[in-house]
Amino acid sequence: MTAPKFILGIDIGGTKCAVVLGNDRMKVYDRIAFATHAGLGLRPALKNLMGALDEILIRNGLKSSSVRRVGISCGGPLDSRKGLILSPPNLPGWNRVPIVRLVRQKLGCPTRLENDANACAAAEWKYGAGKGRRNLVFLTFGTGLGAGLILDGKLYRGTNDMAGEAGHIRLAEDGPPGYGKKGSFEGFCSGGGLARWAAAQGLTGLSAKELFELGRGGNRKARELLRESARYLGKGLAILIDLLNPEIIILGGIYARNERLLRPEALKVIRKEALARSQSVCRIVPSGLGERIGDVAALSVAVMEE
């Protein structure tokens, strides 16, 4: 490679971490991923992360001075201003981890941290399905459920980086837990919530992916559970439509891969629950970046404006 400057993206999740080498046009040159499961522990995970940073530079013939900026995307809670990861539920033991300082010390370049849902919202806004929109909601619908908000043409983080925790909204008095709350939006509409819900219905030992495969194959119990998940998705989306009046709601992860199974029931509920004037201006779409969204989101953080 002859280009003098590159950017790095670090995508830290509950099951995996990825280090991405790219440029400010979101072109990805290389990628290294490794597990960050709960049993791994903080120190081994950080060691793997620092090793991946070394490896991606070495195998592309680069020095740290070739890196212009680094963006880090991670599930909350976190403190983006201080660069701290603050014990995310999917990363046990990651308590007050000064991730920005650690990476900046290693590479010697400006480094930023952003909530993963915010990073995905910004990526879709700049490069994906939300390009050109001023009011946008992005829902992760992955292992958990978080929301990133673009309001009046700006990323909205809230007072202390806690805006957009849509998964904590209670949609029913009882139901699968998410965010430690039974009947929550995340419980009904996330990979972890669906797996727990399926187990409670006798479909034990299934991941969300396997549950959808069963549903597509015609399994009656799986299809009914997924229809019910879609109905709760509609309820949650109706709340967001009425509250935020967005132009577009973009769903990633599980929804983007399984739109055909989820969209019809969700739209039925939205038509019934949401204000007609608000829903008339709001489109519900899957991620425009598809499976690239985690990589582009992390790279996007590196080039975000203050």
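Of the contacts in the protein chain (heavy atoms within 4.5 Å) with a separation of 6 or more, 61% join residues 24 or more positions apart. The structure is a predicted model, in which local features need pLDDT of at least 70 and side-chain atom pairs count only at pLDDT 80 or more, while totals for chains, interfaces and linings use all residues. Residues are numbered from 1 along each chain as its sequence is written, and side-chain values use heavy atoms, with hydrogens and water left out.

The secondary structure comprises 11 helices and 15 strands, taken as DSSP runs numbered from the N terminus (helices: H or I, at least four residues; strands: E, at least two). Buried residues (under 20% relative accessible area, with a 1.4 Å probe and protein chains only) make up 53% of the 306 residues. The C-alpha atoms fill a box of roughly 55 × 40 × 35 Å along the principal axes.

Helix H7 (residues 220-244) packs against helix H9 (residues 259-273) at an angle of about 45°, and their axes lie 7 Å apart. Axes are lines fitted to C-alpha atoms, for helices over the stretch in contact, and angles run from 0 to 180 degrees between N-to-C directions.

Valine 303 is located in the segment after helix H11 (293-302). Its contacts, leaving aside neighbours within four places in sequence, are Ile7, Asp24, Met26, Arg68 and Tyr127. The C-alpha atoms of valine 303 and glutamate 55, which are 248 residues apart along the chain, are separated by 23 Å.

Terms used. Buried < 20%, exposed > 50% of the residue type's maximum accessible area, 1.4 Å probe, protein only.
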